Every structure is written in structure tokens, then in C-alpha cells.
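Here's a quick briefing on a few packing and pairing details. Have a look at the structure first, then read on.

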Amino acid sequence: MSPAPTAPHPLHDVRMPGPTLVLVDDSDSLALDALHGIEDVPGIEARVVTLAALDGPLKGWGSVLVVAADRARLRRMASAVPLLGQCRVVACWLTDTPTPWVVVPRPEWPRLVHLAAREAGDRGVLTVLRFAGGARAQLVVMEMARQAAGPGDTTHGGVVVAYAGRPAAPGLDARSVLLPDVAGAGDAERDVPPDVVVASRGGRVAAHHVIDRAPTVVTDPGVDPVDERIFNPVGFRKDWDAPVADLAALGRGPVTEAVVEAARAHQGVRPSADTHASDLLALAASGVPLVGVDPSRATELGLAAPLVQALGAEVDLDDALAREEHSLAVRRAAFDHHSTLAWRSALATRAGVRHTGLPPVSALLATKRPQMLDFALRQVARQRGAEVELVIAAHGFEPDRDAVRRALGDRPHQVLTFDDATFFGDVLTAAAHAASSEVVLKVDDDDWYSPDAVHDLAMARRFSGADVVGMPSEFVYLHANADREDLTVRRNHPSELFARFVAGGTLLLDRGLLGSLGDFRRVRKFVDAQLLAGVEAAGGRIYRTHGLGYVLRRTGTGHTWQRDDEEFRRPDIVASEWKGFRPSRALEVDPVDRPDGVGTNEGE
């Protein structure tokens, strides 16, 4: 019998001018495993160099190939890439990433003559850039790492971090300086000294003349953060194809993007007793329902108490809604305490420097209904986990400003008034211009918002990098009519994905983007549709996060969005239906705000 044919090497058809530097992280077991046999691949004259072997610049290459298991590991290793000189081909092989990604060339690069982004056989994905002239390979690799997470915030938030005697933390800026010891942070010749040095051991650091102090040395930063731009809920599934799986059955080793993708199809994932903290955090931040996590073990690993509590909560995974509520609680706790954003914020606090975390948000409330104002004020007053200013745009009436102050307490707010004949779009535009925050959120006066609604929208903006973020109108409360009782309908809207439409009462976007679109259009109604159409026409990205923290209220009359209430009950769009008011537990509704505690519903 003839021996069974062996599969070609994933790089068998790649031609790279030699010699080729193959750069890999020593701690990346999956990438190291994938490199077996690369010396025998035709067209690649490979010299494999690990990060630990680096002691200075490496120049004189015809091509450079960077190998990592996934985008998170590529982003972590980028700061360790040394000066590589110039070459005509730079490639990146991610061995355990399921989806190819494309690099957008920078204008200062030489002319690009070829770009390939494709699957690498059955082992990950490959991106290859070929230039007409020599490109500075180190800068190309750093840009690959930066763009790997897609559009969005890639800034360091104002905290410059260096590392001494240890690798950079995941998901941070690719140009973090790596030092042999902490003393180098105080070098007077360094033009951009760090605010913080995260080090394996302490030591003396001289005061630096640029920042007028010595950089703060931190030897106990806690467990390394999870890269939320890579490990996040994008792609979360409300359904499942397979039962709970053991983590060990989903991949060859540590948790990668490929493991998370495989986990999406399962009802839940059961980690082993020796699962590393980084793997638990990657799964938790991705929203993968986790079961069987020992709270004492999670505490020993250094996970924050709120995350340990969320992981240890009892959950009925057979109940799809309860499963999603559990996922939300876990992913929110992971983000709040273990994201790169939270990690840098903690370093900034220790160093006494400013740090930009989740941005302040100005909520824009345009209302024609004085009888709904108290209800709307309570929805905003109870927001937590985010700085929220309320801009009230009263359309055709004068609010009681003392009552507004009492309802909002210390929360910043403004009260604007407009004649009843003013266009709805103009009312919202004026509110946006008055707002003090660079991020604005359109809210409605009759809908319910969870205490975490603004936080969750800002969180989704961070991890998705989208231009507009919103929630679906997944839960709809229908007031009783002559033919039926009050109903709560849960529609089968998909969530945690990029989409063309989100609920108008949850639109979160940058005020600069809004201004570039000419602000809210001068219309009487459908103002949300105008805005979303403008964003889409401009090439913007719209992200729809979970719908558990928002309930749309419908009474059949008086809305700017006219629609027969029975349209919300079409069999093809209804997932569940309950008598009375039945929101998700994530809404945490106050008894006074239940439907029998508020007035009639009419107006905008």
C-alpha cells in the first residue's frame, strides 16, 4: 500500500525572498509547534529567532515572517520586535486565528505591489505585504499588530508604560519600551520617559527632567489583563448546537481566537482545575458561559472578587435567557476589572497621572410629555459605571427645574426649552450642541434602561471599535388594548454583531461624527433612521450589543415611529411572549417604574 499523502505545509505556496527572518515568541507554544518543518518549505530560506534570543537589532533580511497563535499574541509581542532593517516582503502567520484580516497600508510606506490575506491551509491565516522598495520591517510589524484589532481606540489613554525584566502586558500600545532593568527608565537622554515601569523586581530610578519625577515602579500589577479588543462578546450566540464541553476538548492548548470560536457552538464550557488565569479571562471577556469554576481557585489566580462572584453564580443553562444573563454578568465583570482599560487605570492611579477610561456621556432627552419626565429622570439618575450628563430638551413645555435637580442629585444636567413647532431633529441638534461630553447618547422618555445601560454601551464602543453603538429593541412592552392584556414580547433579534440598525433610544456616537453628518436632520419623525442611514453612507460601522438592559414601550398611539403594535407579535420575529411586564433580570427595574406606576404614554 502507498503511504497516505501528507498535507502540504501551510506556507508551501508562499515565496519569500531570502534570507527570511522568522520571529516567534518563546512562550507561544502553538506558534512554535506550527513552525516544525518550516526549514524544508521550498521558497523560504528560514532562520527562526525567538524573542528571548534577541539582544539588539537584526538587519540584512530579504523578508520577515512574524508567527503568533492569534491576534492577541501578535499584539503582545509587537513591542519586543527589534530594528529589522528594510526588506521587500513582510508577512504575518497567525496559526490559530479563524478569519483572515487585511492591513491598510500607511502613506509613508513604499508602494505596495501585492497584498494577500487568506487562510493558511488548515492552520490559521496568513497576511503578506510585498513592496516595490525596501520597507522598515519593524514599523510594518507594529502596524500589523495595531490594525489586527480593527478600527477603534488604540491609544494608551495618557499613561506611558515601560517594562523591565518581563514582557509587555497584552493588548497595550505596540511601542512600549522593554528595559533590562528599572534604572533605564530614568535615563536623561530618553525623550519620552515612562510614567510607570512594570517590573519583575524593583530598583532605584532617577528622577527624569521631562516629567519632573522618577517613573513609578510597579512590581505587583496583579494578573495580566485580557486584550478586550480581541477577546470580547462579538459573535456571542444565544442558541447552541452542542452541550457543555470541557475546555480541553476545544483546542490544542491555551485559549486562542479559534478556541473561542469553537466554544460559541456549545451551551457552556467547563475549565479544568489547572486552567490558567489568562485562559479564564479570555473566555470570560468573550462571554462564553463558564460552569464549574471553583471560586477559591479563581481567587488564588488573582481574579477580582466581582468576577469570582459572577463566575460562581448558579445558572440554569437550559434557560437561554438565564444563560445570556449569566454571560453578561461575567463579561461585564471581566471588562471592569481585567481589561487593558482597567489595568492601565489602576497603574495611573498608583502613579498619580491622568488616564482616559470609558468616556463621559451626555444623554440627550427630547420630550413632549411632562407626565413622563419624572420616569425618564429616574432612568438616568440610576446609571452606574459611567459618567453621565443629562441634557433635557423640553419640547413645548417648561420643566420644573427644582424637581429636576432633586431627581438627579449631583448628576450634571442642563434644561433646554423649545417651542412646540420646532422640528424634532432641530431639538436634538441643539441638545447635542449644548452637551459637555464628546460622546452623546439619544434616550427616549418612556423606555426602560437598566442601571448599566450607559456603561454597557460605552463598553461595547470600546471593544468593538464601532462608530455607532446601540441595543436592539429586543424586549417590547405592549400596553393593553380592547383585544388583549398587557404583554411583554421578546423578539429574536440577533445581538453582539455589526448590523445596519439599532434601537433609536440607545444610539451612542461621537459628537464629532454627528457634526460631520450635519447633526440630526431637520425632520418631524424618523430622526433615528436618518442618522443611521447617514452613518452607513459615510462608511461608518454600527454595532449592536446585547438587548437585556433596554425595554421599548408601545401603546399604539402617539409615537413618532408609527407602527401597529401587532407587528411586534409576528410569529416569525417573536422568541417569547409573557403576560404583563416581564423584562430581563438585568434590567433591575425599580417597583415605582413598573407600568402601573407611570402615566399614559403619548408623544415622541
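A word on terms before we start: contact here means heavy atoms within 4.5 Å. Keep in mind that this is a predicted model.

**Helix α15**
- In α15, which spans residues 527–537, the buried residues are Val527, Leu531, Leu532 and Val535.
- Those four sit on the same side of α15 because they cover an arc of only 130 degrees around the axis.
- Following α15 comes glycine 539, with a positive phi near 85 degrees.

**Helices α5 and α8**
- α5 (residues 277–285) packs with α8 (residues 320–338) at an angle of about 125 degrees, and the axes are 8 Å apart.
- That angle makes α5 oblique to α8.
- On the α5 side, the contact is made by Leu281, Ala284 and Ala285, while α8 brings in Val330, Arg331, Ala334 and His338.
- Sorted by class, the residues in this contact are 5 nonpolar, 1 polar and 1 charged.

**The open sheet**
- There's an open sheet of 5 strands with mixed pairing, running in the order β17-β24-β19-β20-β25.
- At its edges are β17 (448–449) and β25 (574–579), each of which pairs on one side only.
- Within the sheet, β19 (residues 475–478) and β20 (residues 487–491) pair in the antiparallel sense over 4 bridges.
- Leucine 478 stands opposite leucine 487 in β20.

Key: Residues numbered from 1 in each chain as written. Predicted model: local features only at pLDDT ≥ 70, side-chain atom pairs only at ≥ 80, totals over all residues. Heavy atoms only, no water. Buried < 20%, exposed > 50% of the residue type's maximum accessible area, 1.4 Å probe, protein only. Helix = DSSP H or I, 4+ residues; strand = E, 2+ residues; numbered from the N terminus. Arc of directions from axis to C-beta. Axes fitted to C-alpha atoms, helices over the stretch in contact; angles between N-to-C directions. Parallel < 35°, antiparallel > 145°, perpendicular 65-115°, else oblique. Nonpolar A, V, L, I, M, F, W, Y, C, P; charged D, E, K, R; others polar. Pairing = 2+ DSSP bridges.
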